[in-house]
Each structure stands twice: as structure tokens, then as C-alpha cells.
Amino acid sequence: MTSRGGTGAGSAADAEAVLAAFARTDGGVAAARRVARQFQGLDDGERSALLWSEDDGAKLVAVLLLVQAMREHPDPELTDEYLSAAKAERFDDPALVDLAAEELVGAPLVGGSTGPLFALVKSDVAMVRRIAIVSTLAFVKQGDAEVPLGIAGRLVRERSDTVQSALGWVLRETGKRASEPALVAFLEKSARFLTPAARQTATEHLPPAARDRLRG
């Protein structure tokens with residue numbers, strides 16, 4: 001992957017400059033977005049140093065930089081870089097999945113093979129399995145309920161809250177944006193496998209009678 005040039009601070013900066021800039025903020029996601037925009041021309045190698053660091057803030061900025069780069073120049077190597085870190089268990093914070101998986105992993109697969117998503121489901125790493133379900137939001141936003149419900153069906157018996165919390169969120173969005181009948185049909189078969197919190201989230205936007213019935 002070629003290094004992308006840039007203007008402003010990012011074009012001549014290094015990972016330590018990014019960390020120093022982030023340290024002057026409140027450490028939140030909004031601040032990380034501002035820092036990522038400021039350093040959008042950061043060299044690929046410096047971005048990788050942030051992604052593989054031990055610093056949570058560094059990883060957050062790095063993931064947002066990957067998303068920015070994907071928006072500017074779609075490149076499968078950006079997806080590979082992101083997934084490599086996830087598979088190596090570098091991600092402890094679900095935000096690193098929730099802010100990026102849809103654009104880095106899901107969107108490139110819309111209209112093509114979904115095999116890579118189903119492969120992620122088989123990972124031993126909970127955050128990678130979370131990526132599998134969160135990535136399907138790209139399909140949900142295209143009105144496709146089949147892919148998210150297919151992935152959810154393979155993960156619904158998962159006991160990890162890392163996965164269950166994402167299931168609740170994605171199932172809710174599937175019902176809102178893609179197909180409420182498909183969500184109800186899925187939950188009629190599988191709601192009992194969701195944790196109570198995930199089941200509550202998944203049914204939030206259903207009509208009261210269906211919601212109460214499916215929550216048991």
C-alpha cells in the first residue's frame with residue numbers, strides 16, 4: 001500500500017505528535033475524530049505504529065485514520081490492516097469495532113461475496129466476532145435483512161457480552177431499516193438465546209404487543 005500524502009500537520013508528523021495532540025484533549029471519541037482529521041496525512045507506517053501500540057487513545061485515532069483513508073481511497077489493504085490488529089487481540093474497546101467495522105469490513109462486501117463475514121464468525125477472538133455482526137450494518141442500510149440475520153443466527157447462542165451487546169444493536173437496526181417482519185420471524189425462533197439486555201435492545205422499535213411477547 002502506498003503512503004498517502006497530506007497537508008498540514010499530518011504530512012510531516014509522526015505517531016508521537018499524534019499522541020501528544022490527543023493527550024491535550026478530553027480523550028473522548030469526538031476529540032479523537034478531531035485529531036484524526038488534523039493528522040489525516042499521517043504516513044502509513046506511523047499510523048500502523050499507533051494501531052499496534054499499547055495506548056488505547058493511539059488505537060482509537062489509528063482506527064479513525066483507517067476509516068478516513070478508506071473514504072478517500074478505498075483499498076482492501078486497509079481492511080487487512082484493521083483485521084490483522086483485531087485478530088491479534090489488539091482491540092479491548094468495543095468502540096474500535098463500532099466506529100469502523102461497517103466501513104472498513106462491511107461496505108466493501110456489499111454487492112459481492114459475504115463469505116469473509118461468515119469466516120469472521122468462526123474466529124476465536126470475541127472482538128473479531130463482534131466485527132462480523134457490526135459489519136452487517138452496511139447491508140442493513142441497503143435494506144438487506146438477510147445478511148445481518150444470517151450472521152446473527154450463527155452468533156445468537158454466544159454468551160460473550162462483547163458479541164451479545166452488538167447483536168441487540170444490529171438486530172434493532174435490521175428491524176428499523178431493513179425488514180421488521182424478518183426481524184420478528186428471527187426473534188420468534190431465536191430470542192430465547194439472547195441475553196435479556198440484548199433482547200430488550202433488539203425489540204425496542206417493535207409494536208408494543210410484539211415487543212412484550214418477544215421479551216417473554
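Lys176 and Glu173 form a salt bridge in which the closest N and O atoms are 3.7 Å apart; a salt bridge here is a side-chain nitrogen of Lys or Arg within 4 Å of a carboxyl oxygen of Asp or Glu. Both residues belong to helix H12 (residues 161-177), 3 residues apart, about one turn of the helix. Helices (H or I, at least four residues) and strands (E, at least two) are DSSP runs, numbered from the N terminus. This is a predicted model, in which local features need pLDDT of at least 70 and side-chain atom pairs count only at pLDDT 80 or more, while totals for chains, interfaces and linings use all residues. Residues are numbered from 1 along each chain as its sequence is written, and side-chain values use heavy atoms, with hydrogens and water left out.

Glu173 also forms a salt bridge with Arg177, with the closest N and O atoms 2.9 Å apart. Glu173 and Arg177 are 4 residues apart in helix H12, a separation of about one helical turn. Glu173 is buried at 8% relative accessibility, whereas Lys176 is partly exposed at 45% and Arg177 is partly exposed at 47%. These classes are set by relative accessible area: buried means under 20%, exposed over 50%, and partly exposed in between (1.4 Å probe, protein chains only). A network of salt bridges links Arg172, Glu173, Lys176, Arg177 and Glu204.

Arg90 is buried, with a relative accessible area of 16%, whereas Glu54 is exposed at 65%.

## The aromatic pair

A search of the whole structure finds 1 aromatic pair. Its members are Tyr82 and Phe91, whose ring centres are 5.4 Å apart and whose planes stand at 45°, so the pair is tilted. Under the rule applied, rings of Phe, Tyr and Trp (its six-membered ring) pair if their centres lie within 6.5 Å; planes under 30 degrees apart count as stacked, over 60 as edge-to-face and the rest as tilted. Tyr82 is buried at 0% relative accessibility, and Phe91 is buried at 3%.

## Negative charge on the surface

Glu89, Asp92, Asp93 and Asp124 gather in a surface patch of negative charge. Patches consist of residues with over 30% relative accessible area and no salt bridge, like charges being joined within 9 Å and nonpolar side chains (Val, Leu, Ile, Met, Phe, Trp, Tyr) within 5 Å.

Asp92 lies in the loop between helix H5 (76-87) and helix H6 (95-98) and is exposed, with a relative accessible area of 60%. Glu89 lies in the loop between H5 and H6 and is exposed at 58% relative accessibility. Glu89 has a positive phi of about 60° although it is not a glycine.

Notes: Areas by Shrake-Rupley, 256 points an atom, 1.4 Å probe, with all protein chains shown as cover. Lys, Arg positive; Asp, Glu negative; His and termini not counted. Charge placed at Lys NZ, Arg CZ, Asp CG, Glu CD.
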